[in-house]
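Hi,

Here is the model I promised to send over.

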Amino acid sequence: MRVGILGSGLMGGKLGTIFARAGHEVIFSYARSKVKLKKLASGAQGNARAGTPGEAAKEADAVLLAVHWSRIDDVLRQAGDLSGKVIVTCSLPMDLGNTGLVIAHTSSGAEELAKKVGGVKVVSAFHTVPSEVLFGVFEERRQSTRPSLVYCGDDKRGKGVAAELIRDVGFDPVDAGPLQIARYTEPFALLIAQLAYEGEGGPELAYRFERFRE
């Protein structure tokens, strides 16, 4: 696939690198400097390059949205027409101080994004796992036991695209249902972050869950 990265910070940079190493064509965009984008592209060791948000979105099969909520409007404006695109978002609707969600309970950032950009196929994924674990999961992706990663959305094709990307990163995709499920996964992501960064177990806690059956 051709994957446009809107937001090449910690999460966008790592996921974009993994997507490129998994064989996808990747365009990194929207970072503090063009130098950083070029470094990401050269270090991805795959078919990756630096570009503008408009170039990243053009002809993309999927767009990864990975920017702070305060920058959503700006990056969408620069991306241009996204009609019909699959947008995989891992952006949480955090306040400027990153202390809490500005959208919660009756809606979610993913749902508000879908309203903000009409005609797109929004899928919420990747925000429930800290970026620190991504390379390790990718390196062990061929093992028989893979960690699970939930995603949600309303469009079947969009969810199929997201599931393929999730598998390529090294996770077992778990369809959590419609996009409104993001109302639960987004607050859950904050809990996971606190466990990961403040708990004794470190980021491993973010994905080491087991299912128990009778």
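The buried residues of helix 8 are covered by, among others, helix 5 (109–116), strand 6 (121–125) and strand 7 (148–153). Helices (H or I, at least four residues) and strands (E, at least two) are DSSP runs, numbered from the N terminus. Before going on, the ground rules: this is a predicted model, where local features need pLDDT of at least 70, side-chain atom pairs count only at pLDDT 80 or more, and totals for chains, interfaces and linings use all residues. Residues are numbered from 1 along each chain as its sequence is written, and side-chain values use heavy atoms, with hydrogens and water left out.

Back to helix 8. Its buried residues (under 20% relative accessible area; exposed is over 50%, partly exposed in between, with a 1.4 Å probe and protein chains only) are Ala182, Thr185, Glu186, Ala189, Ile192 and Ala196. Seen down the axis of helix 8, these fall within an arc of 115 degrees, so they line one face of the helix; the arc is that of the directions from the helix axis to the C-beta atoms. Tyr184 and Glu198 are exposed on the other side of helix 8. Ala193, also in helix 8, counts as partly exposed at 27% relative accessibility.

The geometry of helix 8 checks out too: 17 residues (182–198) at 1.5 Å a residue should span 24 Å, and the end C-alpha atoms are 24 Å apart, which agrees. The expected span here is 1.5 Å times one less than the number of residues.

On to the strands, which pair if DSSP finds at least two bridges between them. Strands 6 and 7 run antiparallel and are joined by three bridges, with Ala125 partnered by Tyr151 of strand 7. Strand 7 runs parallel to strand 8 (residues 172–175), with four bridges between them, and here Tyr151 stands opposite Asp175. From strand 7 the chain passes through helix 7 (residues 156–169) to strand 8, a right-handed β-α-β crossover (with the strands pointing away from the viewer, the path from the first strand over the helix to the second runs clockwise).

Of its 12 residues, 10 are buried, so helix 1 is largely enclosed by the rest of the structure. Just after helix 1, Gly23 has a positive phi of about 110 degrees. Ser131, in the loop between strand 6 and helix 6 (134–139), is buried at 5% relative accessible area. Leaving aside neighbours within four places in sequence, Ser131 is in contact (heavy atoms within 4.5 Å) with Leu10, Met11, Lys14 and Tyr197.

Last, the salt bridges: a side-chain nitrogen of Lys or Arg within 4 Å of a carboxyl oxygen of Asp or Glu. The count comes to eight. Arg183 and Glu111 form one at 2.8 Å, N to O; Arg183 lies in helix 8 and Glu111 in helix 5, so the pair ties together parts that are 72 residues apart in sequence. Arg183 is partly exposed at 25%, while Glu111 is buried at 12%. Within helix 5, Lys115 and Glu112 meet at 3.4 Å, three residues or about one helical turn apart. Lys115 is exposed, with a relative accessible area of 63%. Salt bridges that share partners also join Arg2, Glu25 and Glu59 into one network.

Cheers
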